[in-house]
Protein chains: 2
Amino acid sequence: MTTIISATTHDVRFPTGKHGHGSDAMNKDPDYSAAYLILETDQEGLSGHSLVFTIGRGNDLQCESIAQLAEAVIGENIEGLVDRIGDIGRDLVRDSQMRWLGPEKGIPHMAAGGVINALWDLVCKVEQKPLWQVLAHLSPEQLTNLIDFRYLTDALTPEEALHIFQEMEPHRAENERILLEKGLPAYTTTPGWLGYTDETMVRLAHEAIADGFTLIKMKVGGSLDNDRHRMKLMRETVGPDITLAIDANQVWDVPDAIAWIKGLEDDKIHWVEEPTSPDDILGHKAIQDGIAPIKVATGEHVHNRIMVKQLLQSGAISFLQIDATRVAGVNENIAMIAMAKKFGVPVCPHAGGVGLCEMVQHLAMFDSVAVSGHHDGRVVEFVDHLHEHFVIPTVIDKGRYIAPTTPGAGAEMKAESIRDFDYQTGKEWHA
Amino acid sequence: MTTIISATTHDVRFPTGKHGHGSDAMNKDPDYSAAYLILETDQEGLSGHSLVFTIGRGNDLQCESIAQLAEAVIGENIEGLVDRIGDIGRDLVRDSQMRWLGPEKGIPHMAAGGVINALWDLVCKVEQKPLWQVLAHLSPEQLTNLIDFRYLTDALTPEEALHIFQEMEPHRAENERILLEKGLPAYTTTPGWLGYTDETMVRLAHEAIADGFTLIKMKVGGSLDNDRHRMKLMRETVGPDITLAIDANQVWDVPDAIAWIKGLEDDKIHWVEEPTSPDDILGHKAIQDGIAPIKVATGEHVHNRIMVKQLLQSGAISFLQIDATRVAGVNENIAMIAMAKKFGVPVCPHAGGVGLCEMVQHLAMFDSVAVSGHHDGRVVEFVDHLHEHFVIPTVIDKGRYIAPTTPGAGAEMKAESIRDFDYQTGKEWHA
């Protein structure tokens, strides 16, 4: 019998703010950070890793919240864990005293996700499979049991979820074969950050095309004139066969969003991402109606399944951009993926940051094998930052995510990266 | 010139979980707690106090988040502070690295409220007025400048807010006279907690009527049979002239809420409070439509003005229950009060907990003088717990909140209470 015996957290931060990487209209100087959790077991060499992505200040609070919640899983046995993660996840989210601080949102909710995802990493290592494959090999009943249906049943009942998973079951083997052969389409945000000069943007756009990407996303929302200039330059650079999406990172009010997007005078924009507050369900719907045929995408800051439910129920979004660490872990993301399937909205995960590509690819791959299958609507964000710190870095080939086959859930960082970038003790911060 | 020179926080917790006080269908064993902030100035005896209410675990995280944000106001001058609090509040909420952890919700957002409210306490002490009066004596322009209109302008523009404040300006003196003479109607939750026996409930209900209350709120959602039994017993106890409201503390899904409320077979229920997740705008609207003529109330867990905006825009609620410490302080509550006025929804504040009565009464009184005036729809929650720890405890007379005249914003606790109930060092926890 193998047991979880300790939980340690690490406040890992990368000084990205110095270089303009990751700059957008809302976030001027992010230091990409990981509130990092290791669950150690009494089996030599077996530990579960996860992280919650933040952008600097407050990463210490996120670590402390994870440490507090992780106490609940110390003493858990590894055997049969996969069939208890649903209940463990519900218990973590429902700790009534911690819940008050959200409820089901923000630091404690993301902390619950950190703990849940570290458990999944353990499951993967025991089963010797990558996360996408562990999930894609669960029975429809096991998958359904992972979902917390509280507050969802007006949109998705357990019976409906079960039916969704059952429907794809006969196609799983073929879907997995296609995934292993071809991977999943990626898109890139690398050329599009607001902080870059025109020259940098053009150079990186050429590189992106050479690398096989066919969708490039640009940050917008600084000034309309500048956005027009950059979009025109980008169009000239990439030619007619490359698709462009834009991302405003929540800078607009609802009327401003509609006016600004119309002011860009470009109906070929594939999607407008985060046009306003992630909390504004009705606002997203008004924007979606106001900018048609351009479509709205959001999700990376949407704090739980209840908000996603409403975005889908109201028809406010045309693409759902799940995030690996914003919500209560793999379990809550499975709820979102199932709801998106029911409402016919493609899941196009958010990534970038620290380890988000490494983590979220598993969810997209699970979706492609066991929920919505392979289809044209799915594209997974890729940003080429910080992958060198991960034990299993993402592999992109000709603009596609190649399915990892190494066991794990994706978040495990190299020991020396954790050590050197520790915000309290690492040499990168205390040279 | 007087300057803020330090910020200290205290993790104050009361062991209320032991006695069943505050128990409801969602929160079984809350230890009512205060993440307490003192801003000291270089003027002898002048300090600003505030607190964020939590229910136990995590109160330390809330304290630490407050301490981190409070660093931004060290060095602020007290002179002219009232005209800078709007900008300070916006800056606190927009710290981009901290914002990532919400955004605009949860621990850092409540922490911003803690800092903002301590600044208001300082303003009150300098002006030698209670908070309600400080606010009610501000010009319409000053009030408008306190509001963060980001994400609100599709529902409330600065011009509309100014107009709302201007419209009531000629009536302020008369409204203030009425307030000082009569106070504001209170309602009580004291008899209605789920953890109480029938005997305790009946005894406390008789006491409530003897004390002059005309609206009693009961916790529901444990079991339908028990709720029917308790409601019937309560009706028999209080007679036909007392109004009853019910509070489910978010335990239901949308279809369950409608079925349960109809199952109570009592159309005279004044409101149903928190029938489902506070995040579920569309769900509240569906419940409101499904249980008419019974009305829906919520707000205490609604995490910011953007959510309140949507509850009002969609007609999902008939009563708005603002909370003194859930959001980014007095400033964000003024935004909500102004929006409620525009949409014609009465503001009926949530209170109880630790110091929430002491704090939120000021907002209701400000509303009654300078925004919506005196009207029949307003009633302010009162729970008779823990008032003895406050320097200016609420005064209830014949079921009405009597307006405080002592300078302050309401949160200041007695020094010995802070000392004795400190969770790390106090004798109540370390006897």
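This is a predicted model: local features need pLDDT of at least 70, side-chain atom pairs count only at pLDDT 80 or more; totals for chains, interfaces and linings use all residues.
**Notebook: the A–B interface**

I started with a salt bridge: the side chains of B:Asp279 and A:Lys105 meet at 2.9 Å, N to O (the rule wants a side-chain nitrogen of Lys or Arg within 4 Å of a carboxyl oxygen of Asp or Glu). Across the interface of chain A and chain B I get six salt bridges by that rule.

Residues are numbered from 1 along each chain as its sequence is written, chains are lettered from A in the order in which they are written, and side-chain values use heavy atoms, with hydrogens and water left out.

Next I looked up the contact (heavy atoms within 4.5 Å). Chain A puts in 62 residues and chain B 62 residues. I sorted the chain A side into 24 nonpolar, 21 polar and 17 charged residues (Ala, Val, Leu, Ile, Met, Phe, Trp, Tyr, Cys and Pro are nonpolar; Asp, Glu, Lys and Arg charged; the others, Gly among them, polar).

Then I checked symmetry, superposing by least squares on the C-alpha atoms of residues with pLDDT of at least 70 in both copies. A rotation of 180 degrees, with 0.0 Å of shift along its axis, puts chain A on chain B at RMSD 0.0 Å. The two copies are thus related as by a two-fold rotation axis. I also see that 100% of the contact residues of chain A recur in chain B, so the same surface serves both copies.
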